[in-house]
Amino acid sequence: MTLNFDPRAKAATLYHGEFRPMFIGGKWVAAQSGQEMQALNPATGEVLATVPRGSAADVGAAVAAARVAFEGPWSTFSPYERQCVLLRIADLFEAHWEELSVSDTLDMGLPITRTLANRRRVIGMLRFYAGMATALHGEAIDNSIPGEVVTFTRREPVGVVAAIIPWNAPTAASIWKIAPALATGCTIVLKPSEDASLTPLLIARLMQEAGVPDGVVNIVTGTGAEAGARLAEHPDVNKIVFTGSTLTGQAIARAGVANLKRVSLELGGKSPIIVCRDADIDKAVPVAAMAVFVHSGQICIAGSRLFVAREIHDEFVRRVAEFAGRLRVGHGIEAETEIGPLINARQAGKVEGYIKAGSDEGAELVAGGSRLTGALFDGGNFIAPTVFGSVSDNMTIAREEIFGPVISAMPFDTLDEAVTRANATPYGLAAGIFTTHLGTAHKLARRVKAGSVWVNMYHAIDPAVPFGGMKMSGYGREGGVEHLHEYLETKAIWIQTD
């Protein structure tokens, strides 16, 4: 991608270690406790800014503000007026896209070329949900009750929504939660990850500028254990939507039981990629590699289990390893960087532990496998893109979600075997298939147990297409008409007319 601006110059204007307040009820506020957290650049370890360390008191204030807005001014907005608000937000995002992209890169490390490339998806989401705001409707239903009785349904907003998002895609994840809430007439309290809170606060500023009424969108920064847990259990929250680990998702589901919140969960994955013997290897190698390496492996849909037909296995793995070795690792703010840092030292240490486990359990390290050091990487959390061969299904690296740049390659002999092994996981978020035979593509796509199956491609997400998991990868869908239904209640109305 050719850049028409200087990312470093833009970065120099954004953060200088200052305090950035959170957004509650249309006001910019500190935590009631006065506590703060540091926002660190994962490429350098430098402090970008400080943000409030919100607690139960701040969550309570945000939920109260959202409730007042839901039952007050926001409830008077017509579908057309909600649509206009979303379209104004989309226009502001276009005008500030470079700023949002640089903020994401600084805050969580994704290369600037990739954050900039998210423009079409994010702004497309805003405009898609804007369109849907005026397309929501109930149904007239013929009933079998004696007499003249009219029955119809209404779709009504569920109420106050709590959204908890991870650090690996702050702009996209924020809009994937906020936009459907606004389109349906809900209000929302968003709790971003403590590892990437800065971009959601920029988004709140744009929401305010777009004319979103006070209290409709609230951003509470803080830790998951303090702010996130209280938000999940708060009795005046009607729905919670969460993206993150399966373990945390289970805790959130339990927290919602007390007042029977509506819950949507998009959780972890250990996604398989099946490369058939008739695959176009030239096309498949870079796609299969970047199915994991695109975000240093820090993405729930990473295709980290690579099943390759035995006839082409050795050549394919060799070429994936060569591809990994050519990737440019470095600071995300540099235009030539293809792979950025991991989010923090803790995550880098976790990934190093998995790499060690792979070697200790007998897998063959064919590329990467080390933490990168030297002047370019000082203070950062960089792991070389890593490929393991000779992996068996019972190895730790083949079973557990690593959330790092690690591929586990395994040969298979028959398609039945490949499907059985691909499905032998508690997860079911995504899968990839590479074949030049249309019949094989259809058969495998139908049999693989995953919420999204990509054939001869990977990572495609569109606002109009549902996305979500099966099994321990969660439930509920984001994207498409189904997504709006997650934020709506259906009310049946009966009227006797005789």
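1. A salt bridge here is a side-chain nitrogen of Lys or Arg within 4 Å of a carboxyl oxygen of Asp or Glu. Asp 360 and Lys 356 meet this criterion, with N to O at 2.6 Å. Both residues belong to helix 13 and sit four residues apart, about one turn of the helix. Helices (H or I, at least four residues) and strands (E, at least two) are DSSP runs, numbered from the N terminus.

2. This is a predicted model, in which local features need pLDDT of at least 70 and side-chain atom pairs count only at pLDDT 80 or more, while totals for chains, interfaces and linings use all residues. Residues are numbered from 1 along each chain as its sequence is written, and side-chain values use heavy atoms, with hydrogens and water left out.

3. Accessibility classes are as follows: buried is under 20% relative accessible area, exposed is over 50%, and partly exposed is in between (1.4 Å probe, protein chains only). Asp 360 is exposed because its relative accessible area is 54%, and Lys 356 is exposed at 51%.

4. How many salt bridges does the structure hold? The count is 29. Side chains of opposite charge can pair when their charged atoms come close. Asp 91, Glu 94, Arg 119 and Arg 127 are linked in a network of such bridges.

5. Arg 319 and Asp 282 form a salt bridge with an N to O distance of 2.5 Å. Arg 319 is in helix 12 (residues 310–326) and Asp 282 is in helix 11 (residues 281–293), so the pair ties together parts that are 37 residues apart in sequence. Arg 319 is partly exposed at 22% relative accessibility, whereas Asp 282 is exposed at 54%.

6. In the salt bridge between Arg 346 and Asp 195, the closest N and O atoms are 3.7 Å apart. Arg 346 lies in helix 13 (residues 345–360) and Asp 195 in the loop between strand 8 (187–191) and helix 8 (198–209), so this pair ties together parts 151 residues apart in sequence. Arg 346 is exposed at 63% relative accessibility; Asp 195 is partly exposed at 24%.

7. The unreviewed UniProt entry annotates Glu 266 as "active site". UniProt positions follow the numbering used here, feature names are shortened, and annotations may be inferred rather than shown by experiment. Glu 266 is in strand 11 (residues 262–266). Is Glu 266 buried or exposed? Its relative accessibility is 7%, so Glu 266 counts as buried.

8. Leaving aside residues up to four places away in sequence, the contacts of Glu 266 (heavy atoms within 4.5 Å) include Phe 242, Thr 243, Gly 244, Cys 300 and Glu 478.
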